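Hello,

Here is the structure we talked about handing over. My notes on it follow below.

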Amino acid sequence: MQAAIFVLVVLVFVAVSGALVRLVRVPLPVLQIAIGAALAWPVRGIHVEIDPELFLLVFIPPLLFSDAFGAPKRELIALRGPILDLAIGLVFFTIVGFGYALHWLVPGIPLVVAFALAAVLSPTDAVAVSSIVDRNVVPARLMHILEGESLLNDASGLVMFRFAVAAALTGSFSFAAASLSFLYAVAVGILTGVAALFVAAKMLQLLNRIGGVPAEAQVLITILLPFVAYLGAEHFGASGILAAVTAGLLTGSTGIFRFLGVSARMQTIALWTTFSFVFNGALFIVLGLQLPEIIRKVPPELTGHYPIIQPVLTVLALTLCLIALRFVWIWIGDITAAIAARLGRRKAEPFGLRVRLAGSVAGVRGAITLAGILSLPLSLQDGSPFPARDLVIFLAAGVIICSLVIASLALPVIARGLVEPGEDAGAAEERTARVGAAKAAIARLESIAQTDDEGEGDVPGVRLAAANGIVAAYRRRIAASDEADEARAEMREAGRLEIDLRLAGIAAERDALRAMLRRGEINDHTARALFTEITLTEALLNGRQTRK
């Protein structure tokens, strides 16, 4: 019962944080950590013992799948060079550099455990960056690189974290054996993700052929997909993390959604958006809940002669070390790319000092790091406590918070003026796509109206009139996207008035349905079906109104 109440309390305050972030000028992750700390401080911390493996299973697959599903695939492919450079090269560079720096700074941490902490600190959190600074302030190319890096280095960093933990548990490490195990974990993990997606697609295809299957059954398959991929890979001794990422990356591009009905498709997209918000928020609130107890029980290895200042300085030094390692790697990569472009007689696209600095500060640590570090085993194979477990958890929590604070203060200042004022490239692309789609629809409708004016059983002229009405709506959409400012303004005003009138009609429909429900003229099932239709129409109109 205590665990159930704990989960409900966390979920309630995740929702509260979503409302409060609109009122205070604080990044959402920082706000959620503060809410958790405020809840826990008066009662000396709230602790619920969770099995580390269970914690990893509950949080990692859905978070990675959701991030991979929403990642911009086209940009990931176009920027694969710098993304892979950061997601793989920088991870190994960070593990080695940060691991030795940590072991030198805090000798009480064994080197293999220092490598484990460095590995779990390698994954970055682009979602946290988006909550700190407006996407329109950061150059689109840099933002896409950060998104791709945060997705792939989640996999590479956590895979290396598992190897480092295994080495700490067994007390032995072989580079050759680890290399072979790494290749096996990567290859089989990717194949398992593909296999899990194939099985899910076949199940959805079967349900689609049966017909009449509730949308919730189809949605449930998409929910189980990342967990099946993760557990399947773990069963074969491979990387469940890579399996979940692979399944998420391929879900949108394999056409699996064509086997989902319209209702199931809408529910799936809405559900995964909600999952991403809930799981990220829950992790940051859990960190805040543990924060007072972590502060009260600062590991003695960090107290020394200055029990308050020394732990803070240690965390700050480690955070700055991560930023410095990141800056050096980006700088080296920029120089290497420029040399390769010159040798290949291609045009180089250097980042520049400010963009390098922004990319370095933007490498904040977030939910994946927290989930990974809390999954550390409680004991070794011989039953003795896992070495320096409380210490590395304290340092990981401190680095997460410190990196968020530094990015919140510095990134808006560094990024100011990096993007030239003007229309967002994404908005221009969206407008072009809308015009192209509308023109294709007009051509199809005109063809139908001309070649099949009178269908069997049609009232004369009705089909042509209906087609002309729809074509007129499409022409208004094209005019609203026209480059001419006057024409666009006029059509936008007409569209706004049309939407206002439609919304007024919907409000009257809703009032009438409520009155009929109160009078007993319709039952709950009828009312629910009609209210759902009205809500979907209203959502579409509100979306159009927002874009205008």
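**Helix packing**

Helix H5 meets helix H14 through two sets of residues. On the H5 side these are Asp 85, Leu 86, Gly 89, Leu 90, Phe 93, Thr 94, Gly 97, Phe 98, Ala 101, Leu 102 and Leu 105. On the H14 side they are Thr 314, Ala 317, Leu 318, Cys 321, Leu 322, Leu 325, Arg 326, Val 328, Trp 329, Ile 330 and Gly 333. Contact means heavy atoms within 4.5 Å. By class, the contact of H5 with H14 has 15 nonpolar, five polar and two charged residues. Ala, Val, Leu, Ile, Met, Phe, Trp, Tyr, Cys and Pro count as nonpolar, Asp, Glu, Lys and Arg as charged, and the others, Gly among them, as polar.

Before going on, the ground rules. This is a predicted model: local features need pLDDT of at least 70, side-chain atom pairs count only at pLDDT 80 or more, and totals for chains, interfaces and linings use all residues. Residues are numbered from 1 along each chain as its sequence is written, and side-chain values use heavy atoms, with hydrogens and water left out.

H5 spans residues 80–105 and H14 residues 309–343. Helices are DSSP runs (H or I, at least four residues), numbered from the N terminus. The two pack at an angle of about 145 degrees, with axes 10 Å apart. Axes are lines fitted to C-alpha atoms over the stretch in contact, and angles run from 0 to 180 degrees between N-to-C directions.

**Aromatic pairs**

The structure holds seven aromatic pairs. Rings of Phe, Tyr and Trp (its six-membered ring) pair if their centres lie within 6.5 Å; planes under 30 degrees apart count as stacked, over 60 as edge-to-face and the rest as tilted. Phe 93 and Trp 329 form a tilted pair, 5.1 Å centre to centre with 35 degrees between the planes. This pair links H5 to H14, 236 residues apart. Phe 93 is partly exposed at 29% relative accessibility. Buried means under 20% relative accessible area, exposed over 50%, partly exposed in between (1.4 Å probe, protein chains only).

Ring pairs also link Phe 59, Phe 65, Phe 69, Trp 272, Phe 275 and Phe 279 into a cluster. Phe 275 and Phe 279 both lie in helix H12 (residues 262–296), about one turn apart. Phe 275 is partly exposed at 21%, whereas Phe 279 is buried at 16%.

**Salt bridges**

A search of the whole structure finds four salt bridges. The term needs a side-chain nitrogen of Lys or Arg within 4 Å of a carboxyl oxygen of Asp or Glu. Arg 356 and Asp 334 form one, at 3.0 Å N to O. Arg 356 is in helix H15 (residues 353–361) and Asp 334 in H14, so the pair ties together parts 22 residues apart in sequence. Arg 356 is buried at 16%; Asp 334 is buried at 5%.

Glu 234 and Arg 162 form another, at 3.2 Å N to O. Glu 234 sits in helix H10 (residues 215–235) and Arg 162 in helix H8 (residues 140–170), so this pair joins parts 72 residues apart in sequence. Glu 234 is partly exposed at 26%.

**One buried leucine**

Leu 370 lies in helix H16 (residues 367–373). Leu 370 is buried, at 4% relative accessible area. Leaving aside neighbours within four places in sequence, Leu 370 contacts Phe 55, Leu 283, Phe 284, Leu 287 and Ile 400.

Best wishes
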